[in-house]
Amino acid sequence: RSTRFYDFKIQTKSVKKLCNSNQIVVVNDMYPGPVVYAQEGDRIIVQVTNESPYNATIHWHGVRQILSCWFDGPSYITQCPIQPGQKFTYEFTMVKQRGTFFWHAHFSWLRATVHGALIVYPKTGVPYPFQFPYEEHIIILGEYWNQDIVQLERQVLASGGGPPPADAFTINGHPGPNYNCSANDFYKIDVVPGKTYLLRLIHAAINMENFFTIANHKLTIVEADAEYTQPLVTDRVMLGPGQTINVLVTADQPVGKYSMAMGPYMSAQGVPFQNISAVGYFQYLGAVTNSLPSPAPLPRFNNNLAVQTIMSGLKGLNTSNVPKEIDTNLFVTIGLNVNKCRSKTPQQNCQGPNSGTFAASMNNFSFVKPTVSVLEAYYKGIEGYYTEDFPGAPLKFYDFVNGAPNNAPRDTNAGNGTRTRVIEYGSRVQMIFQNTGTVSTENHPIHLHGYSFYVVGFGNGNYNPQTVQFNLVDPPYMNTIGVPVGGWAAIRFVADNPGVWFMHCHLDVHQSWGLGTAIIVKNGKGHLETLPHPPADLPRC
Ligand code: C2O
């Protein structure tokens, strides 16, 4: 096992994009940020210095952080932010994990430009369970705003209404020719005819889910959320924020220039978004460079079926540990709701539907981030910053509009609080997520920190324990699950990693509106089951 050292400086950078000059926050002057490389079992040490004007933290998305909860990164959950001018060193081990991960800021919406890949190779001599690729490429799907992103979050929250769409979708930071002033701002992969490539797709966008496709080429999914899957051949993939997918693609078409494209998946009604695609190229050696590329056909933005087809085909590869029995069962409603306007100046800050204020909740509670980290308060036994009463089922049981499935159940006027759920060490946990919402319903990418979980079931309409059949044989092992539009999803995992773990919708605006909670997994008996002491340089609030 070796140790990998990295030095991250969070700083502002001037960029010219989309006919604008702009200041964005990045790491080491790079957008997207530097790639962290490691091998399974390695120790990763990253010293982060915050030279930006904003608070910041770095989260290592998908890394389980076995007994290293202090280095997980979500602000006010496991640490106070690193303040401007301060440093913090993250230190953790890649225990039994390999694959495509990414790191991103976990403060406000800074993740929009503060992100990069974390690639972990298998141990020496351990092959991939698929054909070894000729080459591999990282493809980060993102969103770009001309506006300062931290200000934007503040404005959206102050308005009570929804967020404006991004100014562009991006592939590795490049919008491509569908956008103004971007004819030469595109990403391109040069390929050798006949060779097979591994594309490591990372979804780092903020408020949108996206399809990705390459014209005329089949994609074979071999990994999702840094866990191997059985090979699944498809024309396109859909990723929600926080998801990573590895695909193999063979340059088996006539020599030419082919488009790759990233476009929106958005089935909620009335949500403004850009129905336009970011375009890059998959270009064969020997192709006429100024030839017109074959366009890449994306599914329509509201094509739920395309998403379901991929998800139902996705099967895990090494799935012998799926919990067959459970001893902790949580039913969690997730959705958007509208709270009544309580402001004295409604024209300024109640611009949500029906002159109300947008909110989002789990089991009728909108999560409020505390002013010290939940982990620190828990560890030191400081009272008053959080409670342990996150309910195991919604307080107001949802009633079905007209009793019909697929109608959004009611979830109005959620309460506020920093409510957590305590789970015994070693519990076999099941969670059922039911997608609800009074406004409209959309796919919510729910992410759990500190764990991967088996996705044992999902479906349309309302979860019905009488009729569901779970897949306990070969479910995919993931860390972010898109809970289908107006539907449900079921996950299982063993709670064997003590600490405080954030669970939230990875669409940032939903997180800002409170779509989250934290689970506290207690210590087990031995010292290998016990959360260590906090690091000496842990930032203070
Ligand atoms: Cu990818 Cu809580 O984050």
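**Annotated segments**

Residues 10-123 are 0% helix and 46% strand, with end C-alpha atoms 31 Å apart; helices (H or I, at least four residues) and strands (E, at least two) are DSSP runs, numbered from the N terminus. The span 135-286 is 7% helix and 48% strand, and its end C-alpha atoms lie 18 Å apart. The unreviewed UniProt entry places "domain: Plastocyanin-like" at residues 10-123, 135-286 and 410-524; such annotations may be inferred rather than shown by experiment, and their positions follow the numbering used here.

**Model and numbering**

The model is predicted: local features need pLDDT of at least 70, side-chain atom pairs count only at pLDDT 80 or more, and totals for chains, interfaces and linings use all residues. Residues are numbered from 1 along each chain as its sequence is written.

**Overall fold**

The chain contains five helices and 32 strands. Its radius of gyration, taken over C-alpha atoms, is 22 Å, close to the 24 Å of the globule rule for 541 residues, so the chain is as compact as a globular protein of that length. That rule is 2.2 Å times the number of residues to the power 0.38.

Of the 541 residues, 51% are buried, meaning that 20 or more other C-beta atoms, placed from the backbone, lie within 10 Å of the residue's own.

**Helix α1**

Helix α1 spans residues 149-159, and I149, L152, E153 and V156 are buried in it. Viewed down the axis, the buried residues of α1 fall within an arc of 100 degrees, so they line one face of the helix; the arc is that of the directions from the helix axis to the C-beta atoms. G160, with a positive phi near 80 degrees, follows α1.

How values were computed: Buried ≥ 20, exposed ≤ 12 C-beta atoms within 10 Å, placed from the backbone.
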